[in-house]
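Me: I have a structure open and would like to learn how to read it. Could you walk me through a few features?

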Amino acid sequence: MGTLNDVPDKLNFLGTKMKNKISRRKFLRDASIVSSSFATFNLLSCNNNKKPNIIIIFCDDLGYGDLGTFGHPSIRTPNLDKLAAEGQKWTNFYAAASVCTPSRAGILTGRLPIRSGMCSDVRRVLFPDSAGGLPQTEITIAAALKQAGYKNACIGKWHLGHLNQYLPTNHGFDYYYGIPYSNDMDAIKGTTRKEQINPRTEYFNVPLMRNEEIIERPADQNSITKRYTEEAVKYIRQNKDQPFFIYLAHNLPHIPLFASSDFNNTSKRGLYGDVIEEIDFGVGEIIKTLKENGLDKNTLVIFTSDNGPWLAFNQHGGSAGLLRNGKGTTWEGGMREPTIFWNPSKIKPAVIAGMGSTLDLFSTVCNLAGAQVPADRIMDSFNLLPTLFDGKPSPRNLFFYYRGTEIYAVRKGDFKIHLITQNSYTKNNEKIVHNPPQLYNIQVDPSEKYNISEQHPEIIEGILKDLVEHKSKLIPGEDQLAKRIVKSDQ
Ligand code: MG
């Protein structure tokens with residue numbers, strides 16, 4: 001059925017020019033990784049059977065309060081609840097951004113999206129008419145693991161550029177199967193809001209791809225979660241004798257919601273509950289497959305989400321539980337995610353209230369796999385293994401909440417300041433600058449209800465110093481980079 005490069009001339013022209021430049025850059029980058037890690041690779045490739053497998057399950061727009069183990073009263077998630085009980089449940093874990101594209105750049109590169117250009121104040125995410133994507137100069141977790149002898153699959157939503165040169169297969173993944181952007185894109189002309197909340201798969205002409213080929217359009221979204229699980233199970237079986245990395249990025253529960261016939265109308269929480277319960281079932285299938293193949297004790301499974309719930313769709317979206325607001329904002333509900341780490345032979349079961357971020361998965365996974373963390377660039381990624389395996393405090397004490405290229409909030413320890421607040425996806429979304437900044441103790445007050453800025457100006461002052469230091473380490477021009485998310489004709 002062709003590829004997504006089969007598009008208007010102007011866009012192709014830009015793509016080809018970029019591709020030539022990129023190929024050269026990619027070669028230079030690959031050459032430098034290969035030479036610097038050659039000794040490590042040789043050493044480890046003889047011992048591949050002992051290297052742990054890694055599976056990241058990444059939801060789209062899942063709310064902090066949408067799992068049984070995170071307090072939802074009617075959505076049933078027995079498989080995730082069990083994982084959390086046997087592993088570590090992180091209750092202060094943040095996505096790199098509050099919307100899809102920058103969040104995905106963050107998790108896969110271990111760098112703030114502003115450093116890769118995958119954020120913008122003009123357009124917040126990539127669209128089907130975007131010409132850009134994750135630059136080849138960026139090193140993904142998959143690219144780093146590949147040099148350490150791993151086979152890598154990306155299954156599900158990509159959203160870091162749909163033209164061939166940006167697809168997963170050109171970013172370290174050996175295999176790709178999925179919808180390359182959000183499941184509400186390519187909407188047929190005239191699709192109304194009512195149709196978005198009572199959706200049919202043909203309303204959204206999104207492509208389903210295998211590697212760089214479109215294999216189905218529109219993708220049958222009713223069965224998409226089921227098929228993603230089946231692909232993951234198949235990849236585990238096919239690669240059981242070698243170390244593998246699976247990045248399973250579900251398109252759901254992003255609206256429009258779809259569930260297969262086995263799950264439709266089965267949850268007390270309605271269609272949204274059906275969707276989450278199908279994702280949970282898929283987690284169970286993956287764990288079952290690991291056990292059947294004797295891989296469970298040597299596999300790290302991580303479950304989290306890219307951003308908070310899409311509240312603009314009322315009960316069709318998820319819930320941030322007791323956290324304030326949701327997707328698109330720098331309130332806690334926008335970026336704090338329900339997160340579970342599971343590896344029965346190694347992880348000390350616990351609930352971790354220290355801070356962590358999807359940004360940290362790069363260093364964590366590379367340290368576990370014996371892969372190199374790039375030393376030629378600024379990384380924003382902490383190694384969480386000492387917490388996971390030895391119960392030590394989390395190494396992360398600071399987190400910067402970006403919206404596009406701007407920092408709206410900063411958390412240090414238990415305290416968070418808001419420099420700017422702004423709602424999202426609602427009519428009331430005025431940008432408000434706070435001087436002095438708002439201050440919350442978000443362990444005491446996770447709902448961010450009680451501003452204590454007047455009582456503790458010294459805490460604000462301390463956090464502002466960290467902010468100045470952080471900004472001084474941004475490379476000049478990084479905000480200019482963040483113009484990649486634009487229309488093809490801009
Ligand atoms: Mg999302």
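Predicted model: local features only at pLDDT ≥ 70, side-chain atom pairs only at ≥ 80, totals over all residues.

Me: How do I read a sheet, and in what order do the strands β13, β14, β15 and β16 lie?

Reply: Strands of a sheet pair through backbone hydrogen bonds, either parallel or antiparallel. Here, four strands make an open sheet in the order β13-β14-β15-β16, with antiparallel pairing. At the edges are β13 (398–403) and β16 (432–441), each pairing on one side only. On average, neighbouring strands of this sheet are turned by 20 degrees against each other, direction ignored.

Me: How many bridges join β14 to β15?

Reply: Four bridges link β14 (residues 406–412) with β15 (residues 415–421). Lysine 412, for instance, stands opposite phenylalanine 415 in β15.

Me: Which helix lies across these strands?

Reply: That is α12 (residues 457–472), which lies across β13, β14, β15 and β16 and runs at about 125 degrees to β14.

Me: Now a helix: which residues of α2 are buried, and why do they line one face?

Reply: In α2 (residues 78–86), the buried ones are Asn79, Leu80, Leu83 and Ala84. Looking down the axis of α2, these buried residues fall within an arc of 135 degrees, so they line one face of the helix. They pack against β2 (88–90), α8 (270–292), β9 (299–305) and β10 (339–342).

How values were computed. Residues numbered from 1 in each chain as written. Buried ≥ 20, exposed ≤ 12 C-beta atoms within 10 Å, placed from the backbone. Helix = DSSP H or I, 4+ residues; strand = E, 2+ residues; numbered from the N terminus. Arc of directions from axis to C-beta. Contact = placed C-beta atoms within 7 Å. Pairing = 2+ DSSP bridges. Axes fitted to C-alpha atoms, helices over the stretch in contact; angles between N-to-C directions.
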